[in-house]
Amino acid sequence: MTVLAHDRYCDEIAHQVERLRTVVTSGADLSATVPTCPEWSLEDLVRHMGGALRWVDTLVRTRAQENVPPEQVPLGGGPEERGDAAALDKWLAETGELVVGALREAGPDTAVWAWAGTMNSGFWARRMVHEITVHRADAVLTAGLPYEVAPDVAADAVDEWLQIVEWAQRNLPRDPAKDLRRPGSSIHLHATDADPALHAEWLIELGEEGVVWRRGHEKATVALRGPLTSLLLAFYRRLPLDSPGLEVLGEREVLEFWLERATFG
């Protein structure tokens, strides 16, 4: 497992913001329901994502040592008028510039409050890359547009997801991840189209003491195989397991057991 460089994360946030902006300006119906987040419209989703980026900008820029309430984040809710794609796009563009600028200026090691893992700005650079990577998938699925993501980012998103599940099991007593214990059961994820140098395979063991995982090609109770992007989206519950290109081998109920309980994101 290799965490990407801080500059790589900053570059990717900027790229993902640009790609999300293309959805906003594509003529897509901003009032359309997001199939993967049915409590939101497409505009709600964009405002949520932009608000999260604005929140992180505030945390990093102020070197916050405790959480900052959302109501204290400047323009965290987005433009005042709803349904205005141009205003939403402008706000999102400014948001991207702010957060990427703050993260670049801070570097990866500046002490900043965070809700999990290492309390520094590097945590937020990585977290926001994967937050927007997955929510951009929500947006393009709503708009009926094609989706792509760089292989190194997709693989790192799987790593981070597994690390979050580990953290939740150990630190959040009421989190559904606490129930991810099924001794004797394991999951193998296998990206069939990735460069071998990326090592895009994972073994996840659902032990009595909690989830244990590692990169590698190993036999498991169930395997999920397919292109890396589809694998990522299925693992984040953005694509059905029966989507074209995906294959489930072995005890499918073990994978479904995981997906029902790994509910973050």
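**Exercises on a predicted model**

C37 is buried, its relative accessible area being 6%, where buried stands for under 20% relative accessible area, exposed for over 50% and partly exposed for what lies in between (1.4 Å probe, protein chains only). The model is a predicted one, in which local features need pLDDT of at least 70 and side-chain atom pairs count only at pLDDT 80 or more, while totals for chains, interfaces and linings use all residues. Residues are numbered from 1 along each chain as its sequence is written, and side-chain values use heavy atoms, with hydrogens and water left out.

**Exercise 1.** Determine whether C10 is buried or exposed, and how many disulfides the protein has.

*Solution.* Begin with C10, whose relative accessible area of 0% puts this residue among the buried ones. Next, apply the distance rule, by which a disulfide is a pair of cysteine sulfur atoms within 2.5 Å; the count by this rule is zero disulfides.

**Exercise 2.** List the order of the secondary-structure elements, and compare the radius of gyration with the globule rule.

*Solution.* Helices (H or I, at least four residues) and strands (E, at least two) are taken as DSSP runs and numbered from the N terminus, which gives seven helices and seven strands. Read from the N terminus, their order is α-β-β-α-α-α-α-β-β-β-β-α-β-α. The radius of gyration is 18 Å, close to the 18 Å of the globule rule for 265 residues, so the protein is as compact as a globular protein of that length; the radius is taken over C-alpha atoms, and the rule is 2.2 Å times the number of residues to the power 0.38. Along its principal axes, the C-alpha trace spans about 50 × 40 × 35 Å.

**Exercise 3.** State what share of the residues is buried, and what share of the contacts joins residues 24 or more positions apart.

*Solution.* Of the 265 residues, 52% count as buried. For the second part, a contact means heavy atoms within 4.5 Å; of the contacts with a separation of 6 or more, 67% are between residues 24 or more positions apart.
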